[in-house]
Amino acid sequence: MSKSKMKKKVAQAQKKNQPETKNTDKKWIKPKDFKFLPPVKFLPGFRSAKHWKRIVAMTYYCITPVSLFFKFMDFQYFGIFLFVMLLALPFMICSLITFLQTKDKYYAVEAIIAAAVLGADNMLLVYFMQQMIEMLPK
């Protein structure tokens, strides 16, 4: 038997005898690498493997719907604009931070879309607030 064949057999035998090590500390970056509920892996706070971030995100997403009940003077739909704004902010901020870290185009597109939604929401809010102010008695 040649030396190279013998080295291969010894290397294979050593691999079999070594215990398998699971790399649980490996961090994942892309949402497709995250094995969780499929729709949840795209939400900011659930993308990382940090347990505390998931708790903070869950708390944030549970408290945000309370903003639907906010009113500003007689403007009863103010809460809807605030709700959309609160939902768009984490997508914009977290996606921008992740893009700066990874330079992945996916996160840049997500941040741009979230910024567009936030901008449209704010423009509509300003428009409706101006309409409400014009309707006030002088």
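Contact means heavy atoms within 4.5 Å, and the legends below use the word in that sense.

**View 1**
Residues are numbered from 1 along each chain as its sequence is written, and side-chain values use heavy atoms, with hydrogens and water left out. The chain holds 4 helices and 0 strands, where helices (H or I, at least four residues) and strands (E, at least two) are DSSP runs numbered from the N terminus, and its elements run α-α-α-α from the N terminus on. Among the contacts in the chain with a separation of 6 or more, 44% are between residues 24 or more positions apart. Of the 138 residues, 24% count as buried, a class that means under 20% relative accessible area, with exposed over 50% and partly exposed in between (1.4 Å probe, protein chains only).

**View 2. Confidence along the chain.**
The predictor's confidence in each residue is given as pLDDT, from 0 to 100; its mean over the chain is 78, and 78% of the residues reach 70 or more. Confidence is lowest in helix H1 (residues 3–17), at a mean of 71, and highest in H4, at 90. Where pLDDT is low, the predicted coordinates should not be read in detail.

**View 3. The packing of helices H3 and H4.**
Helix H3 (residues 78–102) and helix H4 (residues 105–135) pack at an angle of about 155 degrees, with their axes 8 Å apart; axes are lines fitted to C-alpha atoms, for helices over the stretch in contact, and angles run from 0 to 180 degrees between N-to-C directions. H3 and H4 are therefore roughly antiparallel to each other, a term for angles over 145 degrees. The residues of the contact of H3 with H4 divide into 20 nonpolar, 4 polar and 2 charged.

**View 4. Ser-95 in helix H3.**
Ser-95, which lies in helix H3, counts as buried because its relative accessibility is 0%. Leaving aside neighbours within four places in sequence, Ser-95 is in contact with Arg-47, Pro-90, Tyr-107, Glu-110 and Ala-111.

**View 5. Lys-103 in the loop between H3 and H4.**
Lys-103 has a phi near 60 degrees, a positive value in a residue other than glycine. Most residues other than glycine have a negative phi. At 57% relative accessibility, Lys-103 counts as exposed.

Definitions and conventions
Predicted model: local features only at pLDDT ≥ 70, side-chain atom pairs only at ≥ 80, totals over all residues. Parallel < 35°, antiparallel > 145°, perpendicular 65-115°, else oblique. Nonpolar A, V, L, I, M, F, W, Y, C, P; charged D, E, K, R; others polar.
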